[in-house]
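Please open the structure in a viewer and keep the selection panel at hand.

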Amino acid sequence: MILFLARLVRILVALFVVRLLLRFVAAVVQGYASAGERPAAPVEMVRDRVCGTFVPRTRALVGTVDGREQHFCSESCRDRALAPRVPSTS
């Protein structure tokens, strides 16, 4: 019985090693296949001044605050930034 278990463990270890080698070879082949491809162009990100979220410039909402163009992630952030400021009475 112990000899059977020892053989079974050896077979399982051998299968595990073969699987690791096959995964390694597949990764190397995939790396060589994609070596000639150009990486995707970087996307310019802008920061929402209200909540601090970063948004791609092409998807950001734009508003003018204090004479400067500002970018926002949503209409609610834009509306909060563009709302008139009420002076505090304290």
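How many bridges join strand β3 to strand β4, and do the strands run parallel or antiparallel? Select residues 61–65 for β3 and residues 68–72 for β4: five bridges join the two strands, which run antiparallel. Strands here are DSSP runs (E, at least two residues), helices are likewise DSSP runs (H or I, at least four residues), and both are numbered from the N terminus. Two strands pair if DSSP finds at least two bridges between them.

Before continuing, note that this is a predicted model, in which local features need pLDDT of at least 70 and side-chain atom pairs count only at pLDDT 80 or more, while totals for chains, interfaces and linings use all residues. Residues are numbered from 1 along each chain as its sequence is written, and side-chain values use heavy atoms, with hydrogens and water left out.

**The hairpin**

Remain with β3 and β4 and select facing residues. V65 stands opposite R68 in β4, and T64 stands opposite E69 in β4. Next select D66: the hairpin has two residues between its strands, and D66 takes a positive phi near 55°.

**Strand β1**

Select R47, which lies in strand β1. R47 counts as exposed because its relative accessibility is 53%; exposed means over 50% relative accessible area, buried under 20%, and partly exposed in between (1.4 Å probe, protein chains only). Leaving aside residues up to four places away in sequence, R47 touches G52, T53, F54 and H71, where contact means heavy atoms within 4.5 Å. A C-alpha to C-alpha distance drawn from R47 to V65 gives 14 Å, for residues 18 apart in sequence.

**The salt bridges**

Side chains of opposite charge can pair when their charged atoms come close. A search of the whole structure finds two salt bridges, each being a side-chain nitrogen of Lys or Arg within 4 Å of a carboxyl oxygen of Asp or Glu.

Select R57 and E44, whose side chains meet in a salt bridge at 3.0 Å, N to O. This pair links distant parts of the chain, 13 residues apart: R57 is in the loop between β2 (54–56) and β3, and E44 is in the loop between α1 and β1 (45–47). R57 is partly exposed at 36% relative accessibility, and E44 is partly exposed at 47%.

Then select R78 and D79, which form a salt bridge with their closest N and O atoms 4.0 Å apart. R78 is partly exposed at 22%, as is D79 at 45%.

**The cysteines**

A disulfide is a covalent bond between the sulfur atoms of two cysteines. How many disulfides does a search of the whole structure find? The search finds zero, a disulfide being a pair of cysteine sulfur atoms within 2.5 Å. Select C51, which is in no disulfide: the nearest cysteine sulfur, that of C73, is 3.6 Å away. C51 is partly exposed, with a relative accessible area of 40%.

Now select C77. Its sulfur is 3.8 Å from the closest cysteine sulfur, in C51, which is too far for a bond. Is C77 buried or exposed? C77 counts as buried, because its relative accessibility is 6%.

**The nonpolar patch**

Finally, select M1, F4, L5, L8, I11, L12 and L15, which form a nonpolar patch on the surface with about 750 Å² of accessible area together. M1 is found in the segment before α1 (2–33) and counts as exposed at 75% relative accessibility.

Patches are made of residues with over 30% relative accessible area and no salt bridge, with like charges joined within 9 Å and nonpolar side chains (Val, Leu, Ile, Met, Phe, Trp, Tyr) within 5 Å. Accessible areas come from the Shrake-Rupley method with a 1.4 Å probe; for residues, only the protein chains shown count as cover.
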